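Student: Could you take me through a close look at one part of this model, and then show me how it compares with other places worth a visit? I would like to follow it step by step.

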Amino acid sequence: MSNNVSSRNRHHRVVLYSLLSLLVVTLVLPLVPYAVAELDPFAGKVANPGAEFWRDVRQRDRGVSGSTQVKGVDSGVLINYYGEEWRQFRMQRLVPYGAALMGVVLAVILLFYFLRGPLRIQDGPAGSQLQRFSVTERTVHWFTAGLFWFLALTGLILLYGRYVLIPLLGPEGFGVTATACKEAHNLFGPLFLVALLMLFITFAKDNVYARGDMKWLLKGGGLLGGHVSAGRFNAGEKIWFWIAVLGGIVLCVSGLILDFAVFGQGRVIMGLSHVLHGIAALIVIAVSFGHIYLGTAGVEGTLGAMTHGYVDLNWARSHHDRWAREVEEAGGVLTAEEAARRQGKLSASQSSGEPVTGESQ
Amino acid sequence: MAIDMNVFQQFAGQMAQLGSMAQPTDYPDEERVERAKAVFRKSIGAEQAGDLEACVKCGLCAEACHFRVSTGDPKYTPARKMELMKRFYQREMGPFRWLYRLATRDITARDLEDWQELVYDSCTTCGRCGMICPMGINIAGIVTTTRQALAEAGLVPADLRAVQQEQGAYGTVFGAGPDTVRQAVEQMRTRGHDVPLDKEKADYLVLTSVVDMMLFTDQLEATIKIFNRLGLDWTFRTDGFEGANFGLLAGVADVQKQASMKVIETAIAIGAKAVIVPECGHAYPALRWSGAEIYGKPLPFDVYVISEFLDLQLQAGKLKLKSDNSDIKVTFHDPCKHGRYSGILDEPRAVIKALGVDFRELPSHGMMNWCCGGGAGVFVIGSAAPLRQAAFGIKYDEVNKTGADKVLMACGSCRLNFLKGAQDNNWDKEIVSLVALVGDNLE
Amino acid sequence: MIGDFIDGPLWYFSAAVFVIGVAWRLFAILRLRGRKKVLSKPRNTTGGGALATILRRFVPYREFATVSRGRVIAGYVFHLGLFALLFFAAPHMEFIRDRITGFGWTPLPYWGFIVASQLAFFGLLLLIIYRLMNPVTRLLSDAGDYVSSILVFVVMLTGCMALLQASEALRLLHLFLAEVLLIYFPFSALMHTFTFVTSRGFSGAVFYRRGVNY
């Protein structure tokens, strides 16, 4: 009986191995042609006749240009290979790195504000006033600043709107907004060139390097404490001026190339301009956060210089001592009352508001 | 003859006392407002309504005003001085008054008090702001009407009011009455001049002014010499001699009328062909451009200011002048009320040319001449002294730029103000009357 | 539905307010004519003083050329740009042709539109900022002046945003704001569009009579 048992077991084993072998063969057999194709040195010679064509269509080999009856820039290029690179750059570099840059700058400013607080006027306000910016200077500043922020906001909507505004407005709503922003951005762009020119003419002469600027920089501009000497503009303001001017030139030139695509510039140049435009814009925007902070909450008594035009004498001595001395020597220090008068701040009885004594009509 | 600077000091001293001599014109607040509004309601015509509706507040007028420019204070901007009247027009006369009454504040007595400084102290109604206005708004005209409204509300500054009240009550200015005329005439007769006084009939009624009789006697003497040399049938009259009209300056209509009618009635009584106004700024327009309106019909005589009259006589070949004065360096200050207001610009220049002097125009001259700062009665307003001094600074610089030694005047108020300015600044310029210079150069 | 309202009834209503309001405000000035009798003998008797001043004041006197240069240039740039847009922008011409006049004219080419709008925005922005920065104009200006300026600005802005007429919503927004502007116009300082004639004309005539080329 034992023979019967052993023969039955062997039979079972044979069946099992046979089935396993069959499975392996079934699975592996279809791979054989692939393996053969892979190992066979002659396989490539039997090419798909369409492969070459599609390769050219996709512009794998850069700079292939076809011929067409259509007359126009890049009209011989069926698919712009650079477009994909540009898209990759925009989505994977510009958008996240730009957001990070702005975020980091904002965070640093906030951190600095909470750790160090606003810079105070040494010895407190003196009362007497100096005119820091004339009507023309202030007008030019706000004209440039207004245009800059209009362009920055419309530009940022075009760059980041899909992440921020589509959830709020829905795709159709954002479509309308983006169209409007694009039109407005293109329309106001060229004005910024004029504004930049006006800004340059107005402020350049006081923004050239002067003795003491390097020392100011080495001392960290007094942000970390201690008094630093400066003229009408300190080295930090000068650097901001040149960032604004040079960044502005890059923005204007690249912007004009994008805005007026009628001078034969092709997609490669347009793509490159767009990259430059985006990088320059994000840098200038990020630095402008610092400018705005220092002009408002960051330094006590600064904002008035750009609104009504006057600053306190002690403010000037604290931050621009050499300029303050020049103005003092020229006899340009006004009493608080005189400065208020020139700003058109009327005495109580001359204000056209409600009667000060409180008696009602 | 030279003027007596002691008399000038006396004048200055007298003016400082004026405020204390004024009779009070106090009314309850509501009455002040009502009286002022009544003037506006009566006076605003199409010209002023058109002006009030057109201002776009461009602020250019600020650049033309000697008080705004010299003080740097924006509250003196001419366009701002129109706002009181504008508010009245919009709320009570304008086409959308029902709407403006919802949106704007009514005029209060306090507003009127605030406007006193704006239309009296800080405005000589010189009209230079009207020249820069792109809308051609006659801002000085609106200030004049606002002065009338404030005057009716009893808010003429005390010093100016004192003179106006004197002229209203006694017909005299600074105490100068018929006796003053007689004395002045007597003085001129002792100097050898034949001076006709109170002739029954005469072709020319020549007016004078208290300042000419007491201080600027060189102008008076020159006028006498010129009329005698021309051989004209002329006279001074003790019942109608005063050219100055403080009713007009203060904005008090009945005193203005009384003063003008005195001259008009005298001129008609003596059958005058023409009335000659002396070197006095406002006296000319007072008679020339408001006389007929006050009289109620066209005047039966002509009105000339002396510089205009001299030019007419030169043109007619009747007036002969010495013209060997090329060593005298002069410049000329146009009185606002003659030049910009009345178009008498070429006439004084023709006279100056005939004198053969080394004539240099001011940088801003003629229609664009800067006011001296003392016109329209501002010279007598004590509280306006700092403003006048500041504004005179502009004139001081302008004259210095010409390099002239003498500044020719055609207006007594301007001359007073220039003398004061010269004194304050230790100025080496001689302040000379044009008619006096002509009188010295009769052929 | 709201689109139909903006395109229909509101347009007719605002146009009516504009026409009647402007006429009524001008009439209110002219009805005061002749309140003051003028009896003094004129120095100039020929006419033409009013017209001469209306024309002369388009250019500042040389005396004030320097001091007013910036404002005059900005003002001209703005007004000329605005007029070019208002009457010669292609969509405006079509609108006026279809809804008002019944006839059309040659509109600006696209680049002309771009240039005109740049000029208009340049001038208007500078003037608004200057109004805020100069103590003189800041003191003179009231809310109405800013409302006027800003209303004109947003009408121009929405107009340019709707430029491609890609979106009906943007076109309607532009039309709606323009209608608001038309309704606001007769009650505001925007009336200087017409009143410059009365102020210059009356002053010119009054001064010319006295022998002054005002």
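Tutor: Let's start in chain B, in the loop between helix H11 (158–170) and helix H12 (178–190), where you will find Phe174(B). Keep in mind that this is a predicted model. The backbone at Phe174(B) has a phi near 50 degrees, a positive value in a residue other than glycine. That deserves a second glance, because most residues other than glycine have a negative phi.

Now hop over to chain A for another positive phi. Asp123(A) is not a glycine, yet its phi is about 70 degrees. You can find Asp123(A) in the loop between helix H4 (81–116) and strand E1 (129–131) of chain A. Here the count is 9 other C-beta atoms within 10 Å, and 12 or fewer means exposed, so Asp123(A) is exposed.

Finally, come back to chain B and look at where it meets chain C. There, 47 residues of chain B are in contact with 48 residues of chain C. On the chain B side, the elements that give two or more residues are helix H3 (46–54), helix H5 (78–81), helix H9 (128–132) and helix H18 (291–295). Of these, H3(B) gives the most, with seven residues. Sorted by kind, the residues on this side of chain B divide into 24 nonpolar, 12 polar and 11 charged.

Conventions:
Residues numbered from 1 in each chain as written. Chains lettered and ligands numbered in written order. Predicted model: local features only at pLDDT ≥ 70, side-chain atom pairs only at ≥ 80, totals over all residues. Helix = DSSP H or I, 4+ residues; strand = E, 2+ residues; numbered from the N terminus. Buried ≥ 20, exposed ≤ 12 C-beta atoms within 10 Å, placed from the backbone. Contact = placed C-beta atoms within 7 Å. Nonpolar A, V, L, I, M, F, W, Y, C, P; charged D, E, K, R; others polar.
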